[in-house]
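Trainee: I have this one open for the first time. Can you walk me through it?

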Amino acid sequence: MILRLAFILFLVSSFTVSAQEVTRISVQTNGGQHIINKNIYGHFAEHLGRCIYEGFYVGEDNDVIPHTNGVRNDIIAALRELKVPVLRWPGGCFADTYHWMDGIGSKGERPTIVNQWWGGVTEDNSFGTHDFLNLCEAIGAEPYLAGNVGSGQVKELADWVTYVNHEGVSPMADLRRANGREEPWNVKYWGVGNEMWGCGGNMTPEFYANLYRQYSTFMTDWSNSSKLFRIASGANVADYHWTEVLMRDVPKHLIEGVALHSYSFVEWNDKGSATDFDEAQYFSTMQTALKMEELVTKHSAIMDQYDPEKEIALIVDEWGGWYNVEEGTNPGFLYQQNTMRDAMIAGTSLNIFNNHADRVRMANLAQTVNVLQAVILTEEEKMILTPTYHVMKMYNVHQDATLLPVNLSGNNTYEFKGKKLPAISASVSKNADGIINASLVNIDATERREVELLVPGGGKVSGTMLQSENLQDFNSFDSPNKITPQVFKDFKQKGDKITLTLPPFSVVVLSIANQD
């Protein structure tokens, strides 16, 4: 009898431990109130390294790489397939040294510019306003132009708005037509300077707030199709005072968005290799990546004090992983490879942005091609898609869908040498066709995770997964398809419950189609 009781207690104990190891995700299918703005899946292209020149743009006289007006056709196709909703240009730090009129007119007569921030290279200004806005049309993206406040003038930015948006008779509209573009582009999104606390001028928030008011006043809405969306240069990471000053001192009729910049790294002064890293370095990187949850929450809380109606958007227009450059490359070009670690950064960050859709209405990954956490890498005529590209493509099912609140419970701890992080990240949405999409990430470097996803109403389930044998794996020009999305079938469905196993460092997107 005693032996039998001991055996029963052992079974109960074993079951309890097993139950605690499950992460439960409960979805409120009737609780959706906010739309996940598609612009959360935006991108960023700066005149930096080989992002524009030798990246997007290979020149109109290139007879080796297929292109349209100098822009690579393979990049155009890849970004169209990615459904890039918005693209930010020309910077970054470069924006506050860029004078847009140097990049229009005959390309042979344009003045050169020394890129003082990134490598000290001399650029010929052959890629300018027309080239960028035509590129956006080609990939189906809205342009987001970052204006020069640091070294520019109010009239310069006001004229740029008129040049691209005015459809009537005016000196700037006439100049646009003389340069070959009859119809205005109707650019909606405008950045009023970049990182004004740093490379944009090392300003105080109080000084910049007054300067922003001046610039914003003269940015007239010439477009009949959409109102200008003016974005103030926002805080560096946890500078909450910066956000408070902008919200306090800038009248609401002069501002539509406040920016935020935050990168993921091992240590800022010792960023480490993009591919040769250990679990300690990986854990540190994910600590900074998941810090985004706290940053968005606290900056949003400050904005709520001054804007409880949430009319002003939080725009995370620079985010992503930042490591040391690849060996033998220009330190000022910020060229780095892209591993499964970057897939973890992308998946968790996008889940955070989705879950804060009430305030976050745009985010721009840094950067699109050949710089930092790029979705595309090029080498002469070759092009590869990175793990980050694949995550963003898997997640584009969330664009303009209704966010469904989720509740995570049970065991959800990834522990490394006494430090803890949440192992599972999730966001769920419902699209216009009634399909529910759940994006799940397991950041644990070594352990599989059992997950119970509770979706009232159920439906037919299908899945896609991104995973690889090693956390340090990446797509190379010799092995461009080492990491690609695969069909995911490691789940069981019973009524409203979907039970699945997430491999270490994996991203899974499940689609649940109503069978009615």
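**A first walk through the model**

Mentor: K417 is placed in the loop between β18 (413-416) and β19 (419-422); helices (H or I, at least four residues) and strands (E, at least two) are DSSP runs, numbered from the N terminus. This is a predicted model, where local features need pLDDT of at least 70, side-chain atom pairs count only at pLDDT 80 or more, and totals for chains, interfaces and linings use all residues. Residues are numbered from 1 along each chain as its sequence is written, and side-chain values use heavy atoms, with hydrogens and water left out.

Trainee: What is phi of K417 near?

Mentor: Phi of K417 is near 50 degrees, which is a positive value in a residue other than glycine. K417 is exposed, with a relative accessible area of 74%; buried means under 20% relative accessible area, exposed over 50%, partly exposed in between (1.4 Å probe, protein chains only).

Trainee: And E54, what about its phi?

Mentor: E54 is not a glycine either, and has a positive phi of about 75 degrees. The loop between β2 and β3 (67-68) holds E54. Its relative accessible area is 54%, so E54 counts as exposed.

Trainee: Switching topic. Which strands make the closed barrel?

Mentor: Eight strands, in the order β2-β5-β8-β9-β10-β11-β12-β13, with parallel pairing. Two strands pair if DSSP finds at least two bridges between them. On average, neighbouring strands of this sheet are turned by 30 degrees against each other, direction ignored; axes are lines fitted to C-alpha atoms, for helices over the stretch in contact, and angles run from 0 to 180 degrees between N-to-C directions.

Trainee: Which helix packs on that sheet?

Mentor: Helix α8 (residues 279-306), which touches β10, β11, β12 (313-321) and β13. Its direction makes about 160 degrees with that of β11. Contact means heavy atoms within 4.5 Å.

Trainee: How many bridges hold β2 and β13 together?

Mentor: Three, in the parallel sense, between β2 (residues 42-44) and β13 (residues 360-366). F44 has A366 as its bridge partner in β13. On the β5 side, two bridges join β2 to β5, and there the partner of F44 is R88.

Trainee: Are the faces of β5 covered or open, and which residues are on them?

Mentor: Both faces of β5 (residues 86-89) are covered. V86 and R88 are on one side, L87 and W89 on the other, and all are buried. β5 also pairs with β8 (residues 142-147) over four parallel bridges, where L87 has P143 as its partner.

Trainee: What joins W89 and P90?

Mentor: A cis peptide bond, with omega about 5 degrees. P90 lies in the loop between β5 and β6 (113-114). Another cis peptide bond joins A366 and Q367, with omega about -15 degrees, and Q367 sits in the loop between β13 and β14 (376-379).

Trainee: How many cavities are there?

Mentor: Three of 30 Å³ or more. On a 1 Å grid over the protein atoms alone, a cavity is a set of points where a 1.4 Å probe fits but cannot get out, and lining residues have an atom within 4 Å of a point. The largest cavity has a volume of about 50 Å³; grid points are joined across faces, edges and corners, and a volume is the space filled by probe spheres set on the points.

Trainee: Which residues are closest to the centre of the largest one?

Mentor: Of the 14 lining residues, the closest to its centre are R88, G193, S233, A259 and D317. β10 gives the most to the lining, with four residues.

Trainee: Which strands form the open sheet?

Mentor: Six strands, in the order β16-β20-β21-β27-β23-β24, with antiparallel pairing. The edge strands are β16 (402-404) and β24 (486-487), and each pairs on one side only. Seven bridges join β20 (residues 424-430) to β21 (residues 436-442).

Trainee: What does α10 touch on the sheet?

Mentor: α10 packs on the sheet and touches β21, β23 and β27. Eight of the nine residues of α10 (residues 387-395) are buried, so the helix is largely enclosed by the rest of the structure.

Methods:
1 Å grid on protein atoms, 1.4 Å probe; cavity = no way out; pocket = protein on both sides within 12 Å on 5 of 7 lines; lining within 4 Å.
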